[in-house]
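Let's take a walk through this structure together. Have the chain in view and follow along as we go from rings to strands to helices.

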Amino acid sequence: MAAPKVAVVGAGVVGLSTALCIVEACPGCSVAVLSDQFSPNTTSDVAAGMLIPHTYPGTAIHVQKQWFKETFTYLFAISNSAEASESGIHLVSGWQIFKNTPKEESPFWSDVVLGFRPMSKAELQKFPQHQFGQAFTTLKCDCPPYLLWLEKRLKAAGVQMYTRKVSDLWELHSEYNIVVNCAGIGAHHLVGDEKLLPIRGQVVEVHAPWVKNFIRDGDGSTYIYPGIHRVTLGGTREKENWSLSPDPDTTKDIFDRCCSLEPSLQGAQAVKVKVGLRPSRQSVRLNREVLRQGGVKLLVVHNYGHGAGGFSVHRGTAKEAARLVGECIAALQGSSSRAKL
């Protein structure tokens with residue numbers, strides 16, 4: 001049969017990474033990325049890009065750990081290469097702090113990040129309101145440069161990028177053999193997934209080059225993440241709020257909360273306020289599906305619903321989605337050879 005044609009719907013970090021993994025795993029196929037928004041206008045462009053996993057209640061922990069490990073290994077190699085600066089990936093050390101000691105003093109990902117250990121009493125003196133903490137080194141992606149780096153890799157591999165709003169996966173069946181749904185929060189309407197809900201996140205980017213260490217409150221509500229050029233202050237987790245407009249009161253609240261953890265931020269200059277809708281569900285939807293209309297079939301692979309943890313597991317889930325695409329190609333080739341017989 002002719003080279004299978006694959007459409008990836010969505011151009012956030014999950015969509016672009018999935019397209020790249022398909023190209024790497026299935027070199028004989030033709031891949032296109034379709035999205036109504038590309039960087040700098042995706043939800044991923046708002047993400048802080050810290051590799052600290054979010055836990056999905058509906059997904060087995062060993063699976064989540066594998067996704068995180070694959071992502072960390074991939075990005076760590078880039079951070080050790082000449083492309084680190086262009087891709088926006090760098091190591092950052094810091095602290096995750098708790099007002100009360102958590103049930104699990106070592107999370108499932110503690111042996112994947114570097115140098116994980118409990119904080120010393122001396123370190124905890126920096127945070128008088130907190131009684132327990134963890135120190136470690138992890139990776140941070142400055143998201144807009146990373147997305148552009150992924151796009152560059154895809155274009156070099158011959159992947160086509162089309163600005164196109166896809167309203168129904170069926171509209172692609174005459175052009176493509178396989179459709180990969182990486183639409184993020186857009187999947188709520190695209191495939192009618194009622195389990196997928198937005199969790200609104202607002203962040204403030206500030207100029208504070210003296211802040212070198214990340215600080216994250218253990219519940220994930222307040223965080224300070226230093227990037228290459230700016231420091232990201234957060235955050236919010238507003239369930240089922242679809243508003244993309246920045247709220248000035250929220251900006252002030254984020255700034256005050258971060259200053260209580262790092263008083264030197266009082267002298268920081270605000271650069272930008274960003275809002276994104278995290279595509280949240282109990283578990284990442286990562287599976288194959290065959291859609292049927294009459295006698296026509298459309299092979300679909302879903303990879304969406306990463307919520308607040310997309311950057312931490314994006315490469316691991318992309319590799320799994322590419323494996324599922326490989327299964328779809330094998331099924332197509334099998335039916336094609338049977339048709340010839």
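Rings first: those of Phe, Tyr and Trp (its six-membered ring) count as a pair if their centres lie within 6.5 Å, with planes under 30 degrees apart called stacked, over 60 edge-to-face and the rest tilted. By that rule, the structure holds twelve aromatic pairs. One of them joins Trp 95 and Phe 127, an edge-to-face pair with 5.8 Å centre to centre and 65° between the planes. This pair links distant parts of the chain, 32 residues apart: Trp 95 belongs to strand β3 (residues 89–98), and Phe 127 lies in the loop between α4 (121–124) and β5 (132–141). Helices (H or I, at least four residues) and strands (E, at least two) are DSSP runs here, numbered from the N terminus. Trp 95 and Phe 127 are both buried; buried means under 20% relative accessible area, exposed over 50%, and partly exposed in between (1.4 Å probe, protein chains only).

Before going on, a word on what you're looking at. This is a predicted model, where local features need pLDDT of at least 70 and side-chain atom pairs count only at pLDDT 80 or more, while totals for chains, interfaces and linings use all residues. Residues are numbered from 1 along each chain as its sequence is written, and side-chain values use heavy atoms, with hydrogens and water left out.

Another aromatic pair, Tyr 146 with Phe 311, is tilted, at 6.2 Å centre to centre and 50° between the planes. Here the chain positions are 165 residues apart, with Tyr 146 in helix α5 and Phe 311 in helix α8 (residues 310–340). Tyr 146 counts as buried because its relative accessible area is 0%, and Phe 311 is buried too, at 6%. There's also an aromatic cluster, made of Trp 109, Phe 116, Phe 136, Phe 214, Tyr 223 and Tyr 225.

A charge sits over a ring if NZ of Lys or CZ of Arg is within 6 Å of the ring centre and within 35 degrees of the ring normal. Arg 315 does this over Tyr 74, with its charged end 3.8 Å from the ring centre, and Lys 5 does it over Tyr 176, at 5.8 Å.

Now for the strands. In β1 (residues 5–9), four of the five residues are buried. Two strands pair if DSSP finds at least two bridges between them. β1 runs parallel to β2 (residues 30–35) over five bridges, and parallel to β7 (residues 178–181) over four. Val 8 stands opposite Val 33 in β2, while its bridge partner in β7 is Val 180.

Finally, find Val 273 in strand β13 (residues 269–293). Is Val 273 buried or partly exposed? Its relative accessible area is 31%, so it is partly exposed. Leaving aside residues up to four places away in sequence, Val 273 touches Gln 202, Val 203, Val 204, Pro 246 and Thr 251, where contact means heavy atoms within 4.5 Å.
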